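Subject: Handover of a structure

Hello,

I am passing this structure on to you. Please open it first, then read my notes below.

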Amino acid sequence: VKQDVVLIKIIDSAKIVNPSFSIIYPVGAPFRIDSESGEVQTSRPLDYETTQNYSLILQVQDSKNGKEYSNIDLVVEIEDVNDNSPSFTMEKEDGIYIAKINRNPVQGTVLYTLTASDRDSRGHLRYSLVSSSGENAVFEVEAESGRVKTVTQQVLMADFYNITVMVSDSDTPSRHTQAILHVQVGEYLPTFSREEYVFRVKENTRKGFTIGRIKAHSYSGASLSYTVVHGENNESSIPNADS
């Protein structure tokens, strides 16, 4: 709601002589009242995401002697409108969004996941691909999950692709935000989700007990298998698993 919007006009039903209107509570509320007409206006813009409602106490009194007065409660409820555009929440590297993929990935390889937020409480978000620097359809975006993946299995000839992606809310009219995703193409080895895993296990734990899980990412979309290559003993094992 903008500033100086008339919300309501208060009528003096008590028929007080020389009526003068005022807001007596709360102090600092974003409203004002015309002392003569009783019109209640906004004194500054209102934001649903900050405050959803206000409870005011209005007073009309005799402006001459101040002895006659009457109070009334006024509740102002703020309606939510689509006044905020969604914003991406992924982490940037050197100021840009970066994805990596091997030169010959399998079909459906997920190279990046888009995430976003919207200050509007009813903003259901959808993701889409606006354009790509490649001539052929190489990538696609899942509308609900935001996952960016390869369309088909093909050799990626370029060393990089710049993809324009978009997040939109579901209100009418819709608001959206675009961003550039820089896709680097190379020969990347699988990477673990952490640089170091620390698991704790009690002594005399039975054989086959799961003490923790590790996870790695494949830049080609190929299935991954895990093995223990070094340790203080040979009692540890890792079941084969996909990335």
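Strand E5 (residues 53-62) and E6 pair in an antiparallel way, over nine bridges. Strands here are DSSP runs of E with at least two residues, helices are runs of H or I with at least four, and both are numbered from the N terminus. Two strands count as paired if DSSP finds at least two bridges between them. Two of the bridges between E5 and E6 can be named. Asn53 has Glu77 in E6 as its bridge partner. Ser55 has Val75 in E6. The hairpin of E5 and E6 has six residues between the strands, and Gly66 there takes a positive phi near 70°.

A word on the source. This is a predicted model: local features need pLDDT of at least 70, side-chain atom pairs count only at pLDDT 80 or more, and totals for chains, interfaces and linings use all residues. Residues are numbered from 1 along each chain as its sequence is written, and side-chain values use heavy atoms, with hydrogens and water left out.

**The sheet around E5**

E5 and E6 belong to an open sheet of three strands, in the order E2-E5-E6, with antiparallel pairing. Strand E2 (19-25) and strand E6 (69-77) are the edges; each has a single partner strand, so one side of each lacks a neighbour in the sheet. From one strand to the next, the twist averages 30°. Such angles run from 0 to 180 degrees between N-to-C directions, with axes as lines fitted to C-alpha atoms, for helices over the stretch in contact.

Pro26 sits in the loop between E2 and strand E3 (31-33). The peptide bond from Tyr25 to Pro26 is cis, with omega near -5°. Lys15 is in the loop between strand E1 (6-9) and E2. Lys15 is not a glycine, yet its phi is positive, at about 55°. With 68% relative accessibility, Lys15 counts as exposed. The cut-offs are: buried under 20% relative accessible area, exposed over 50%, partly exposed in between (1.4 Å probe, protein chains only).

**A second open sheet**

Another open sheet of three strands runs E9-E13-E12, again with antiparallel pairing. E12 pairs with strand E13 (residues 147-150) in the antiparallel sense, over three bridges. Glu140 stands opposite Lys149 in E13.

Ser128 is in strand E11 (residues 126-132). It is partly exposed, at 23% relative accessibility. Beyond its neighbours within four places in sequence, Ser128 is in contact (heavy atoms within 4.5 Å) with Val141, Val165 and Met166. Ser128 and Val148 are 20 residues apart along the chain, and their C-alpha atoms are separated by 9.2 Å.

Strand E8 (residues 97-102) has five of its six residues buried, so it is largely enclosed by the rest of the structure. E8 pairs with strand E15 (residues 176-186) in the parallel sense, over six bridges. Ile101 has Val185 in E15 as its bridge partner.

**Aromatic rings and a further loop**

The structure holds seven aromatic pairs. Rings of Phe, Tyr and Trp (its six-membered ring) pair if their centres lie within 6.5 Å; planes under 30 degrees apart count as stacked, over 60 as edge-to-face and the rest as tilted. Phe192, Tyr197, Phe199 and Tyr226 make up one aromatic cluster.

Asn204 lies in the loop between strand E16 (191-192) and strand E17 (216-217). Asn204 is not a glycine, but has a positive phi of about 65°. It is exposed, with a relative accessible area of 76%.

**The whole chain**

The protein chain has zero helices and 17 strands. Its radius of gyration is 31 Å, well over the 18 Å of the globule rule for 243 residues, so the chain is more spread out than a compact globule. The radius is taken over C-alpha atoms, and the rule is 2.2 Å times the number of residues to the power 0.38. The C-alpha trace spans about 95 × 60 × 25 Å along its principal axes. Of the 243 residues, 30% are buried.

Best wishes
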